[in-house]
Amino acid sequence: FTSLFTLNTEETSVVQQYYTDISTYVAEQIGKFLTGELDIDENWDSYVETIESMGMDQVIAAYESAGARYFGRIS
């Protein structure tokens, strides 16, 4: 995963802790939604809840922090 800005050591650690499992789960579930194995209307909420329980909020916070630093420098 690449971005316009650089994660610091703490943010990198957070992303490394969670991102691989999250991205694997997302890829698997998207495939199931696309093939109809899972109904998106019936399963979307549990999909989102699972991603959140896997640490997605921490990953987002790490990128938000790095983004705030980046955009603070270019303002």
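Is Lys32 buried, partly exposed or exposed? Lys32 has a relative accessible area of 28%, so this residue is partly exposed, where buried means under 20% relative accessible area, exposed over 50%, and partly exposed in between (1.4 Å probe, protein chains only). The structure discussed here is a predicted model, in which local features need pLDDT of at least 70 and side-chain atom pairs count only at pLDDT 80 or more, while totals for chains, interfaces and linings use all residues. Residues are numbered from 1 along each chain as its sequence is written, and side-chain values use heavy atoms, with hydrogens and water left out.

Lys32 belongs to helix α1; helices here are DSSP runs (H or I, at least four residues), as are strands (E, at least two), and they are numbered from the N terminus. Beyond its neighbours within four places in sequence, Lys32 is in contact (heavy atoms within 4.5 Å) with Glu37 and Leu38. Gln29 is also found in helix α1. With a relative accessible area of 9%, Gln29 is buried, and it touches Leu38 and Tyr47 when residues up to four places away in sequence are not counted.

Helix α1 (residues 9-35) holds Glu11 as well. How many salt bridges does a search of the whole structure find? The search finds one, a salt bridge being a side-chain nitrogen of Lys or Arg within 4 Å of a carboxyl oxygen of Asp or Glu. A salt bridge joins the side chains of Glu11 and Arg69, at 2.7 Å from N to O. This pair links distant parts of the chain, with Glu11 in helix α1 and Arg69 in helix α3, 58 residues apart. Glu11 is buried because its relative accessible area is 5%, whereas Arg69 is partly exposed at 32%. Setting aside residues up to four places away in sequence, Glu11 touches Thr6, Ala62, Ser65, Ala66 and Arg69.

Between the C-alpha atoms of Ala61 and Thr50, which are 11 residues apart along the chain, the separation is 17 Å.

Turning to surface charge, Asp45, Glu49, Glu52 and Asp57 gather in a patch of negative charge. Patches are made of residues with over 30% relative accessible area and no salt bridge, with like charges joined within 9 Å and nonpolar side chains (Val, Leu, Ile, Met, Phe, Trp, Tyr) within 5 Å. For the charges, Lys and Arg count as positive and Asp and Glu as negative, while His and the chain ends are not counted; each charge is placed at NZ of Lys, CZ of Arg, CG of Asp or CD of Glu. Accessible areas come from the Shrake-Rupley method with a 1.4 Å probe, and for residues only the protein chains shown count as cover. Helix α2 (residues 40-53) supplies the largest share of the negative patch, three residues. Asp45 is found in helix α2 and is exposed, with a relative accessible area of 55%.
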